[in-house]
Amino acid sequence: MQLVLEKRLEQSRTIALVSPLIAIALTLLTMSILFVLLGKNPLLALGVYFIDPLTDGYSLQEIAVKATPLVMIAIGLSLCYLANAWNIGAEGQLLIGAVAGSWIAVKTQGTDAGHWVLPAMLLAGAVAGALYALIPALCRVKFGASEILTSLMLVYVADLLLDYLVRGPWRDPAGFNFPTTAEFDPVATVPVLIEGGRLHLGSLIALLVVASAFVVLGRTIMGFEIRVVGAAPRAARFAGFNADHLILLTFAISGALAGLAGIIEVAGPIGHLQPGISPGYGFTAIIVAFLGRLNPVGILIAGLFLALTFIGGEQAQITMKIPLDVTKVFQGILLFYVLACDSFILYRFRLVSRQVTHGIG
Amino acid sequence: MELVEAIILSVLAASTPLLIAATGELVTERCGVLNLGVEGMMIVGAACGFGGAWASGSIVVGALCGVLAGTALSLIFALMTLVLAVNQVATGLALTILGTGLSGLIGAGFVGQRITTAPHLHIPLLTNIPLLGRIVFGEDAFVYLSLALIIGVWWFLYRTRSGLILRACGDNHVSAHALGYPVLRIRLLAVMFGGACAGLAGAYLPLAYTPFFIPGMTAGRGWIALALVVFSSWRPGRLVVGAYLFGAVSILQLHAQGAGIGIPSQFMSALPYLATVIVLVLLSRTRRGGSTAPATLGTVFVPDR
């Protein structure tokens, strides 16, 4: 007897629905083992990670704040991945968006510039992110260079550019030599939704992005083309869909969303430009995109879930002295399980006896 | 003269991890598997390598720990992509994310600790030859090992039957399977070799390059190694040239920063990454039409029966 993987005749809908849940369950189990190895009570730790943040208003708002960039970026990435274009440099596009938007904030600082400043910043962030994402996309389309490697290399470049700006020309003269710009003026700040709270306008923008993606993917020719090019490249060629065109388009959209997320983060919760504005949102968004099965609604849920792990991770570090890196391990394991479980939508295991194999073969 | 010698020595040191990691990935990719998790395996290799050496006081034990850690992670990758037929790009990314977290977790205990790095070869007389002596006869063991490794891989790929079979699996897995070769088993070995090399390359950093471990110390070297494999057109000879060229770029920018020419240090630090992008563009351009990549690179293989 032998266990073999074989393709299902039809994709399994049941597994498509339950696979993220199975993946999460397996991740929690693995994490419990890890907590035991770290010498912590696993039930207590999981409670701090996943239940405590849901019990008070401040953490709930904080989850929404953290989910905002994750969801926005993941929506853009899902378009890329559906079209089989591998943008993994969203982190860099986020940073460039933050830099471009901050440029307007820094230049208008202390002037009597009106309420056009924030919209201009958001626009600049989105445009800069899109242009930055178009570099690897053009390299791929024009020269055939792997977009995976080029988009990732540009993350490091963007990081260094931001570092240079906040340590050099944009440094706050009154900032005691800390590498940061001055606090943005009120007109250059994303307004909060509840007075005194943390929830800000960006979360509404993220919801708008989810809704638009839902319509674009489900109801437009463009959404259809993206899905066909990714799932059946040959069929797409016969249908006359231009794959190169779609690579450029999906990269531009995902870059714009990452850039927008970056400037919203800087002009919202952070309030100034500094190094380390993102705890790896651009990379975590990759997990969000897959956990949400590249579907807008799924991404919204997945984004909230991963935001929960960020908050839970911070609390677990404070209350239980669990290292912050556990959150990253958790995210990595989760992505593994999600991918593994998704495999069973297309394939299934079957026991075959060797003799039968020979008979057919 | 001494400056030239110092520069060449540091170029060799900076190139060695790139060369080792890229050698492993070259074999993996030649077999048709694209493992994007090199960065993750390297950083865990660095953490485990340092931990092993720090606990045991032996560089060899440290290097072995790095190799084991890299191999263990590559087994997860193999389980996902070979057994469960999961997309290789996504799995590789997952491996890098997991590796980054794991290395922080493992390394947390010994951040701030120091070890004595791997000793350099010293042969009386030979090592004392001006200029060439220290460069040829005064390296640490990893440098010689990396060169032996790439020569061995060249010999294996082009001069042995097993190497031919491995390349066949990469170029046409259906035919290789039809001829009765166990494609998935061969790929498993290739992936494990890649993991072992990545782990060793990571371990090199705290064992020979700097005497301590810092989280994120690989700083994208795993990704540059991946780019080097593309740069080399999947050929061992060109891989050596590429690795030393990249080592040179990263060292020269350091010296330029030190010399205080008026360019901000961040721009110089960005050079290796920008160089990677430019090289990828130039090389891919000259090869339009006929790609030299293994034909089944990155595609899933589920044997039918």
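In chain B, helix α6 (residues 141-159) and helix α7 (residues 161-171) pack at an angle of about 80° with their axes 5 Å apart, where axes are lines fitted to C-alpha atoms, for helices over the stretch in contact, and angles run from 0 to 180 degrees between N-to-C directions. That angle makes α6(B) roughly perpendicular to α7(B), a term that covers 65 to 115 degrees. This is a predicted model, in which local features need pLDDT of at least 70 and side-chain atom pairs count only at pLDDT 80 or more, while totals for chains, interfaces and linings use all residues. Residues are numbered from 1 along each chain as its sequence is written, and chains are lettered from A and ligands numbered from 1 in the order in which they are written.

**The helix pair in chain B**

- Phe156(B), Leu157(B), Tyr158(B) and Arg159(B) of α6(B) meet Ser162(B), Gly163(B), Leu166(B) and Arg167(B) of α7(B); two residues are in contact if their C-beta atoms, placed from the backbone, lie within 7 Å.
- The residues of this contact divide into four nonpolar, two polar and two charged, with Ala, Val, Leu, Ile, Met, Phe, Trp, Tyr, Cys and Pro counted as nonpolar, Asp, Glu, Lys and Arg as charged, and the others, Gly among them, as polar.

**Where the chains meet**

- In the contact between the chains, 42 residues of chain B touch 42 residues of chain A.
- On the chain B side, the elements that give two or more residues are α3 (59-83), α4 (88-107), α10 (221-231) and α12 (265-286).
- By class, that side of chain B has 29 nonpolar, 10 polar and three charged residues.

**Chain A as a whole**

- Chain A holds 14 helices and two strands, which are DSSP runs numbered from the N terminus (helices are H or I with at least four residues, strands E with at least two).
- The radius of gyration of chain A, 22 Å, is close to the 21 Å that the globule rule gives for 361 residues, so chain A is as compact as a globular protein of that length; the radius is taken over C-alpha atoms, and the rule is 2.2 Å times the number of residues to the power 0.38.
- Buried residues make up 51% of the 361 residues in chain A, a residue being buried if 20 or more other C-beta atoms, placed from the backbone, lie within 10 Å of its own.

How values were computed:
Parallel < 35°, antiparallel > 145°, perpendicular 65-115°, else oblique. Buried ≥ 20, exposed ≤ 12 C-beta atoms within 10 Å, placed from the backbone.
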